[in-house]
Each structure stands twice: as C-alpha cells, then as structure tokens.
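Dear colleague,

I am passing on the structure we spoke about, and my notes on it follow below. Please read them with the structure open beside you.

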Amino acid sequence: MSDITSSEDGFTRTAGRQLALFFLMAIGGVAALMWVLSIAASLTSSGTTTSQAVDAETGTVTIAFTTEPPQLDSTLATDMQSGMVLGHVMEGLLTYDANNEIAPGVAERWEIGENDATFWLREDARWSDGETVTAHDFVFAWRTALDPKRASEYAFILYPIKNAEAVNTGKLPLDALGAQAVDDRTLTVQFERPLAYFDKLVAFTTYLPVRQDFFENTDGKYGADADKLLYNGPFMMTSWVHGASLRMDKNPHYWNRDKVKLNTINVGYITPDPNARLNLFKDNNIALSGLTAENLPSALENRWQIHRFVDGSVFFIEFNHREDRVTRNLNLRKAMLLAQDSAELVYKVTKIPGYLPGASLFPTWLMGVDKPLREEYPANLPRMDLELARRHLDLAKRELGVDQIPPLTFLTGDNPISNIQSEYFQAVFKKNLGLDVKIDKQIFKQRLAKMTSGDFDLVLAGWGPDYNDPLTFGDLFASWNLNNRGRYANPELDRQVRIAQSSLDPKTRMDAFGQIQQILIDDAVIIPNYERGSVYVTHPHVKGVLRRVIGADVDYTRAWIDTGA
Amino acid sequence: MAEAGLTSTDFERIEQSAAIQAITRPSLSYWQDAWIRLKDNRRALYSLYLIIALLMFTIAGPWVWRIDPGAQDVDQISQPPGTDRKATVVEPFVPWDGTTLIDTGTGLRLAQPATTQAVRIQWDPLTSTGTYRVYRNIFPLGEERAFGLPLAEVSGSDGLYFEDRLDLRPGTYHYAVVVLDEFGGPGERFETLEVELTRVITVYEALAKGLVASTNDIRIGDEVKLALHPFGTDYLGRDMLARLMAGAGVSLFIGIFAPFLYVLLGVVYGATAGFIGGRTDQGLMRFADFVVALPFLLFMILFKIVFGIGPGESGIMPMLLALVILAWPATARLVRGQILQIREEGYISACRLLGAKTTYLVVRHMIPNTMGVILVTLTFAVPSAIFTEAFLSFIGMGVAPPTPSWGSMCNEGLKTMLTYPHELVFPALFISITVLAFNLLGDGLRDALDARMRSRE
C-alpha cells in the first residue's frame, strides 16, 4: 500500500514538474516571440516613428495630426487641417502677426478705399523654386477659385470682388473679375459694393497665390502631393506619405527667413484617437497634444503645464425652419430654448476648461466699435424658465393642433462631445417638456448631406470664423446663405445683413449686428450651446507656439526650441 | 466422492421467490438521471442559481429599484459607488459680478464659503497692471510649478475676482493666480489658496429631484441626502444599477430569445434533412453551407435598412432576425448527424418492422435521443448571442440612446476607464459572469445528458 502511495506521489510530482516546465516554456515562447516581433517592427518602421518630440540639434519638432488634409490646393481647401498646413507653407498678401493683428505678407504696402484696393508686392517674395511671387499669381489663383468648372466650396468668400459672383455662376468670363495685375508688383482690386473688411479677407486661405505655369504642369493634380505644390511661405513640404506622415522644412527662399527659427516640423503621426495622441505625448514622441475631459485628472497627476485656448467657434442647436417641420412653430422653439441651461451643459456635462456657456451667435472675442461686440451689445438671452417654457409648449400644441408633439429627430455628429451633448439634451427635453427626441448620429459628410437636404428637426451645429469680422457669423442666417441649413428666412434679418455687408461706418455695422443678435434671440432661431475651447499640453522646450482663432491653428511659424529652461 | 460432502438436501428444488427478481434501486427516467448528475456537478449547479438570480435581477429588479435608467442627476456625474451624499441646502445661484467683494483679509482669498455651486475668489493686485491667469489643481503646488487647469484670464488693476463653476466636486482644490509674462505664459509672481468645498443643493433642485416633499420641509442650512446610487452613476449622472437592469433586459432578451429561435429552426431543418436523407439531404445541407458563408454584420446592416429602422431607433429587431437567419446551420448540422446515426440503429428498424409511423419514430425516438445535443447547443449559443449583442451595441449598431445595453455601457465606460473605472467594470463584470455561467451550465448539461456516460459512475 505504501509503495503504491509513494509511486503515486512520484507521478504527481513528475506531472507537476512537467506542467511547470510547459508553463515556463509557454511564457518564454511568448516573450521570445514578442522580442522578435519588436525587433522586426523596429527594422521595418521608418525613422520618423521613433523620433523624439523635440530635437534641439536639428531644430525639429514632431507633432501629430488628427486627420490628413484631403488635398492642399488652396483654391479648393475647406477644412482646418489644410488651413493649418497651408498657413505654414504659403503666404498671402496679408497675414496675421503674433497678436492676431493684420500684418504685411507678400504685400509690403496696401491701400484700401471704399470701392477698390491696391497692393504693392515686396521685391524679395520668392517661390520655393527661386522665382518671384508676382501679382499675376494672385489674379490667377482667384480666377481659378471662381472657375465654375472647379466648383470650389469657398468661392463665395471672393464674392466681394467685383463680378466674382457672376464669374462663379458662369455669367461672365474669368477675365471679367475685378482684379488686375498692373505690373508684376502692383495688384488692384475693385469691389462689388463698398467694403470695410477686405484686408481681413485677403489673409484667408482661398486668397493665397497660385503660379500659373506650375499649376498647368501638374495635370490637375495640383496640391495632391509634396512635389505637386509650389511654396512661398516660411516652410515647404518636403515629404507627404499619405495616411502616415508629412514633413515641412524651412523654406530657404522665404523673404522673412531670419524670423523662422525651426528647421523642420515633422508631422510624424496621423491619428484621430485623442488617447493615442496623449500616449504619444507621454512617451515624448510628439510636442503637443489636446486633452479630453476624461484625461484631465491624469494630466494633473503628471504635473504637466496645461494650456487653455478658446478656438473661436460657436456651437448651437439649429432648428429646421422648413414648411413641413413642427420646429417651424415659434412657440415650440421658444419652449425648447427656455427649457435648457447652457451653463449646466458647459460646467457639468462637457467639463472642459475653456468652454464658455453660449448666449449668442456672436462669440465674445469679436470686436465691436471700440470694445468687444458682446460688451457693446449684450446678448439678453432669456434664462431657463420652466413655467414659461411649458406655457409656450401648450401654445405650440394648440397652434399645431396636436396633443403631443411628434418625436423630433436630432441630427448630431459622431464624436464623444456630440454624443454626450445629444444624450444630455434628449433627457433635458424629455424631463422638462415631455418631448421625445430621437438621436440621429452621423459621420461628418453624412451629417452635412442631411443638413443640406433638410432631413432633421434639430441639428447640433457649429460655426468657425473665416475672417476677423462679425460678418463671418452675422450672415449665417441670411436667407440666401447656403450654410443656413435650417432655411431660416426673415426679411428684417436679411436687411440688417445687407447693411452690415455694404456699410463702411463701424457704428452702423455694429448696430446691424446687434439687431441680428436680437432677432436670433427673439425668434428663437437657434439654441446657443457654447463657445468651444480646448485644453492642451506642450513640450516644455517648445516656446512661442501660437493658437489662432483665425488662420493656421496650431501655428509653429514663430516657435523656437529652448532647452535651457 | 464423499469428500464433496454433499447431502441429499442439496439436491432439493429451490422455491421460486419474487425477491430475487425485484429491482432494488428505483427506476430512473432519462431526465431524473440527468438531474441527479447535474446536481452532483457543483459548478453547473451554482451557474444555474446564478442564471436564475440574473433573470430575477432583470425581471423583478426594475420593480424593486424604481429609478428611470434615462434620468440624469447632473449633480452626481460619474460618482463611484459609496460616495458621501450629504448636501447642504443653499440659496439659488445668482451670477456674481464682483460687487460683493469683501475687504477683510489680503492676498488670494475666498469672497464667500466655497461650495459645489460656485467658488468665488478675489485677490489684490500683484503688479500695477497686468493679466492674471487663474488655475485650479487637485494637488498642492510643487517644485515643477505645474499650476493645474487654467480656468480664465483676468486683467485689471483692482477689484480682481473670479467665479469658478466648472465641474466642482466636494473635496480640496488648490487655486493659484499667476501674473502672465510678456509671452502670455505664467510668470514668476503668483499666489495660491487651498479651498475646501462642501456639497450644496438649492431648495428648487431638492424639490425637483424629489428629495423633499414640499418647500415647507426644508430650510436654508438644512442638510439633505442626495439620491442613492448603489452602483454609482455614469457620465451623465444616470443610475448605474437601473441601467444595468435595463441593459440586462436587452442583453438577455437577445441572449435567450435568439438562440431559442435559431436552435428550433436548426433542429427542424437538420431533422428533416437527416431523416429524409439522400438527394434532399445533400441539397438541404449545401444550402446550409451557403448560409454559413454569409457575413453577419452586412446582413445586420441590410436588415436595418430594409426594416426602415430610422435614425435613433433601436436596432434590436434586425439584430434578432439576422441572428436567427444566419446562425442556425451549426445546430442543423449537429442534429442531422445525430439523426443519420440514430436512423440506422437496431431499435429503429425493429420499430419500423412493428409498423410505427414516421411521426411516431421522430417524436418518440429521434428527438429524445438528440435532446442532449440540442440542449447543450442552446446553452452554448446563449453566451455567444450575448456577446454578439454586446459587440454590436459596442460599435453602435445595437440599441439607440438612451436605452442602455451592457455592450453600449461598456463602450461608454471605456472612455472614462482610467478616471472612473466603475463605469466600465460593472457592465463588463455582468457580461463576463453571465457568459461564464451559461458556459459552465452548458458544460454540466453536456456531461449530465450524455447517455453514454451513465454507466461510468
């Protein structure tokens, strides 16, 4: 009996030993496999992925993009990412300085009258192949942007130039455009109507120059690749691996090259995932990363220097004002406006420092005559008042002849903030007004298509400024504006927009904006949500990075590396 | 011969007695035997209890815990379970314009007691002119001069104040005001202030949230307890327990109903194919092979469109249909194999010789003999269906907000995984436990129902 037991013990021991051995072998095998794989990965990957965030020796800063620019033809560009790259590799007639004031660019002098403008170009402005930037390049670019065949979405921003709209709709030939190169270094522009803000317009992307001979040699692929673009800005793109990386080196022909301190801006990573970007920052792979509300505690724990930036765009719920929609009813809109509190949304739900509770279509940073517009014309948005809201709702039901408002379709984007925001409003309208709201979550392009076709009751919309004048927001709800997705039409508002567009007197114009602001509130055209802000962290050695409300954001053209601190 | 010692009595006839023929142990039916053996399997038994408890949680839970899973408690956003719920009643919030600055004290100081409604700070100028940036941190300022969250820029020469309302939670905050240098970065001069926040609520809010019955029951300065959330709240202040219950409804509906339907379909299909055999069998099984090759996700999307499921409507029905239409072939193959085998058994031939009809054969012999396989398939199909639902809701193809499901809750919880882990842990735990319980029960059932293992114990 004892013999059997001991032999069984022996078996158990042997089996146990074998099991342990197998276990160790498995662990070892996995470890070896991982090691081999990591070696293989480092062998195959390019140099950019292992780079440091900041390299003081070569003057290189590595950053990450959320998405890749679709293309870099300035006459077609619409998105912020293209704007950022073009802001670094191109320069317009005028540009913005570090304090966001208009500064000379390619033009060294300019005169803007009531009905025309003249720009004198600097002698030493050069393309990246060494040739001079001439007035013809601007005229060619503007004509190209207005060419009806090219259907540029931003062509409308050139409409203040004489005949631009007629050229864009094909009623007049391209050379009828009111912009002429008198000689290589003098450009004259005639206006369609008196215009007060042309200097701010010419700093916009669509106004950038394009050289005709180069453009025509690219077989319609202008801006599609690094070598399919000619540069006249502080940097030039030297490589563009689509979907992976992008590299901008200092442009040796740039006239103001002494002011450019960085040698290379290396966009080493393109990823839409904010957590991935934050991890890259943590691992010292990129020099700047945004923070989400969820990441804030961990950023505080890491003791990073956190920066805040109000990016200038305004977000709001836009109603559909088309004939067949219940949201055309003013009382329903007023009820919904009164039933929510943008402060609660900003302080308790989105929770990101830098967001400001929305009160108006016009953001707080816009300047009026002397002081900020919103100080001169305060937005008297009514405060949340549930009793009044319910009274308006009852009125709306009576006017519409229904006992219960049918479920409203709430079109939103598919991103974390929109998700939270739409679910928050869904519950608010349900709780406070008993309204059923269905969330229609769509990707950006699909959402835009549905907004254009009017397939929504409410839509979570935002608007960012194109130029530094309140009109960039003010004409949004004009009946002719195609970005007025809810098709709101009010002759009085249209009249005020016309005044703001054509008047030259700042006071008259600002009065008009004040009127527009009041109409939007009285008519409950939108529910203002917030002015968007962001918080971000930067590498301590990178200094002078500018965040801009208008123009290239983030702007590294004036940045430098300082390891001494 | 005599050594054998036999006597004549040995050659007498033994009386026949019934006792020898009697069966000493009680006769057990197939199901009784299976139940006894399942009971012996501790793991399977506990899994069964767990599944019953989960069903109770789903069905009876919402009757006991009567909280709307869509109701948002914005005062308690992302609260982990077991947070202190005491709140003091205060006056309604009125925006502050800095006119009530107090004169007592110097430096950075509180203009009034700090609450979760607002923190109002004021300070004396540090330089003659300048812009200050107000920071807030959850740690005291250290050597590295990380001031924390930048809240705002304030400029002026006197009457400097700031009101903070951003996501205030009870606890300690460290405020700092820093003079900005010429580049707009934090400069050398700064002041800090440690602030202790108390949780407050207004009379109106307490009334709206149903914490008190009427305004008479409550006065400024009273202490009330905020609504209880035993499992904490999610990123919009919704009760996790109520959401888990509502989510269990969706997850278990798909998890139990879909497998039941497709296993039934598979049994009928497989039995037909196996029993008829020949060309019909070949044809039917090739069609089953064809169905196996169809992509599930694509069909799910197609059904969603064909059904006219609009935006913001639940995708549960198309999910159910897609599962039923595409998942049956596995069961069908299994059952067909069994039927083919049983068809050739001796007792079937004997039955046929005795003149049994086809219906009798199928109902009396074939189905009961395949029952084990069917039940086991069913219990293994349940967790896979729960997983499918969780996965589809995770990628946003399933339920529409605000309806929760365990999968969509995981998806939402993932974003706050590091800061508020409870939002991910609870739904993930429920999915894991349910799937494990069904798997273990399936394991036990397989052992218990396998007739061939009967003699081996």
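In what order do the 3 strands of the open sheet in chain B lie, and is their pairing parallel or antiparallel? Their order is 2-3-6, and the pairing is antiparallel. Strand 2 (109–110) and strand 6 (160–164) of chain B stand at the edges and have a single partner strand each, so one side of each is left without a neighbour in the sheet. Please bear in mind throughout that this is a predicted model.

Within that sheet, strand 3 of chain B, which covers residues 119–123, is joined to strand 6 of chain B by 5 bridges in the antiparallel sense.

Other strands in chain B

Strand 4 of chain B, residues 131–137, is mostly covered, with 6 of its 7 residues buried. This strand 4 of chain B runs antiparallel to strand 5 of chain B, and 6 bridges join the two; one pair to look at is V134(B), whose bridge partner in strand 5 of chain B is A152(B). Strand 4 of chain B also pairs with strand 7 of chain B (residues 171–180), again in the antiparallel sense and over 6 bridges, and here Y132(B) stands opposite V179(B) of strand 7 of chain B.

Where the chains meet

Strand 5 of chain B leads on to the contact between the chains. In total, 30 residues of chain B are in contact with 28 residues of chain A. On the side of chain B that touches chain A, strand 5 (residues 149–155) gives the most, with 3 residues. By class, that side of chain B consists of 17 nonpolar, 8 polar and 5 charged residues.

Helix 2 of chain B (residues 30–40) and helix 14 of chain B (residues 422–449) cross at roughly 135 degrees, and their axes come within 8 Å, which makes helix 2 of chain B oblique to helix 14 of chain B. The crossing of helix 2 of chain B with helix 14 of chain B is right-handed. On the side of helix 2 of chain B, A34(B), R37(B) and L38(B) make the contact, while helix 14 of chain B contributes G444(B), L445(B), D447(B), A448(B) and L449(B). Sorted by class, the residues of this contact between helix 2 and helix 14 of chain B are 5 nonpolar, 1 polar and 2 charged.

V64(B) lies in helix 4 of chain B, which covers residues 61–64. V64(B) counts as exposed because it has 9 C-beta neighbours inside 10 Å. From V64(B) to V89(B) there are 25 residues in sequence and 29 Å in space, taken from C-alpha to C-alpha.

Chain A

Turning to chain A, there are 17 helices and 20 strands in it, and its C-alpha trace spans about 110 × 70 × 45 Å along the principal axes. Of the 565 residues in chain A, 45% are buried. Among the contacts in chain A between residues at least 6 apart in sequence, 67% join residues at least 24 apart.

Helix 16 of chain A (residues 491–502) packs with helix 17 of chain A (residues 506–522) at an angle of about 155 degrees, their axes being 8 Å apart, which makes helix 16 of chain A roughly antiparallel to helix 17 of chain A. The crossing of helix 16 and helix 17 of chain A is left-handed. Among the residues that make this contact are L493(A) and V497(A) from helix 16 of chain A, together with F513(A) and I516(A) from helix 17 of chain A. The contact of helix 16 with helix 17 of chain A comprises 8 nonpolar, 3 polar and 2 charged residues.

Two backbone details

Most residues other than glycine have a negative phi. R303(A), although not a glycine, has a positive phi of about 60 degrees, and R303(A) sits in the loop between helix 8 (296–301) and strand 13 (306–319) of chain A. With 17 C-beta neighbours inside 10 Å, R303(A) counts as partly exposed. K351(A) has a positive phi too, near 60 degrees, and is placed in the loop between helix 10 (342–350) and strand 14 (356–357) of chain A. K351(A) counts as partly exposed, with 19 C-beta neighbours inside 10 Å.

With best wishes

Conventions. Residues numbered from 1 in each chain as written. Chains lettered and ligands numbered in written order. Predicted model: local features only at pLDDT ≥ 70, side-chain atom pairs only at ≥ 80, totals over all residues. Contact = placed C-beta atoms within 7 Å. Helix = DSSP H or I, 4+ residues; strand = E, 2+ residues; numbered from the N terminus. Nonpolar A, V, L, I, M, F, W, Y, C, P; charged D, E, K, R; others polar. Pairing = 2+ DSSP bridges. Axes fitted to C-alpha atoms, helices over the stretch in contact; angles between N-to-C directions. Parallel < 35°, antiparallel > 145°, perpendicular 65-115°, else oblique. Left-handed = near helix turned anticlockwise from the far one by under 90°. Buried ≥ 20, exposed ≤ 12 C-beta atoms within 10 Å, placed from the backbone.
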